[in-house]
Amino acid sequence: KPLANKYFNKLIVDIRQKFNSTMITMREASNSISHSITNGDMAMYGLVADQSPAKYRAQHFTTFFNKTSAVFMGSEKLAKAHDTAVVYLAVEKIKRGHYRATFQTITEHAAQTKDWEITDTFFKLLERQIRKQPEYYLWSHKRWKATPDNIKRTPVLSPQVQ
């Protein structure tokens, strides 16, 4: 999702495209995945999913750090619609300038998972990673601004919240 500030948006895009990756918008994701599948292309899509939706968009809630937290639903919907594999990328800082990246498989066939299983698993893995090195999490995300009580939509609660 592009940032409102054009300078910072360009900076982030340049950083993320440094190693020949291509940035696409959320709106382009489904068509891009479909195109890759149709053409038989090998592709990997990295979705940044640690922030929370605005109150007016919040609908699905899960438990994160023992609190009910609004989460985006698009990643799971995309994965299920295209029956893709889903992996979590854990990045651990070893020392200054040195990091270890580990992929953890959430599912090999998203379409076969229960509703919200992918999202809930992602947040369990994210919480575990943050607990291991909390100093590297951007705590200013305002993760808990939307609650089931302060949104206008009918909330969808994960089984672990209900």
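**Note on the predicted model, region by region**

1. In the protein, confidence is lowest in β5, with a mean of 72, and highest in β4, with a mean of 96; pLDDT is the predictor's confidence in each residue, on a scale from 0 to 100. Over the protein the mean pLDDT is 87, and 94% of the residues reach 70 or more. This is a predicted model, in which local features need pLDDT of at least 70 and side-chain atom pairs count only at pLDDT 80 or more, while totals for chains, interfaces and linings use all residues. Residues are numbered from 1 along each chain as its sequence is written, and side-chain values use heavy atoms, with hydrogens and water left out.

2. The element names used here follow DSSP runs, with helices (H or I) of at least four residues and strands (E) of at least two, numbered from the N terminus. An open sheet is formed by 3 strands in the order β2-β1-β5, and its pairing is mixed; two strands pair if DSSP finds at least two bridges between them. The edge strands are β2 (67-71) and β5 (156-157), each of which pairs on one side only.

3. Strand β1 (residues 60-64) is joined to β2 by 5 bridges, and the two run antiparallel. His60 has Val71 as its bridge partner in β2, and Thr63 has Thr68 as its bridge partner in that strand. Helix α4 (residues 117-132) lies across β1 and β2 and runs at about 30° to β1, where axes are lines fitted to C-alpha atoms, for helices over the stretch in contact, and angles run from 0 to 180 degrees between N-to-C directions.

4. The hairpin of β1 and β2 has 2 residues between the strands, and in this hairpin Phe65 takes a positive phi near 55°. Asn66 is placed in the loop between β1 and β2, and its phi is near 65°, a positive value in a residue other than glycine. As background, most residues other than glycine have a negative phi. Asn66 is also exposed, with a relative accessible area of 69%; the term exposed means over 50% relative accessible area, buried means under 20%, and partly exposed lies in between (1.4 Å probe, protein chains only).

5. Strands β3 and β4 pair in the antiparallel sense over 9 bridges, and Val87 has Thr105 as its bridge partner in β4. Their hairpin has 2 residues between the strands, and Gly97 in this hairpin takes a positive phi near 80°. His98 lies in strand β4 (residues 98-107) and is partly exposed, with a relative accessible area of 41%. Not counting residues up to four places away in sequence, His98 touches Glu92 and Lys93, contact meaning heavy atoms within 4.5 Å.

6. Which residues are buried in helix α3 (residues 74-82)? They are Glu76, Leu78, Ala79, Lys80 and His82, and the buried residues of α3 pack against α2 (26-39), β3 (86-95) and α4. Just after α3, Asp83 takes a positive phi of about 45°.

7. The second largest pocket has a volume of about 200 Å³, and the elements that give two or more residues to its lining are β3, β4 and α4. Its lining includes Ala90, Glu92, Arg100, Thr102, Leu125, Arg128 and Lys132, and the largest share, 4 residues, comes from α4. On a 1 Å grid over the protein atoms alone, a pocket is an open set of points where a 1.4 Å probe fits, with protein on both sides within 12 Å along at least five of seven lines, and lining residues have an atom within 4 Å of a point. Grid points are joined across faces, edges and corners, and a volume is the space filled by probe spheres set on the points.

8. Two further loop residues deserve a look. Asn20 lies in the loop between α1 (6-16) and α2, is exposed with a relative accessible area of 76%, and has a phi near 65°, a positive value in a residue other than glycine. Met42 is placed in the loop between α2 and β1 and counts as exposed at 82% relative accessibility. The C-alpha atoms of Met42 and Lys132, which are 90 residues apart along the chain, are separated by 33 Å.
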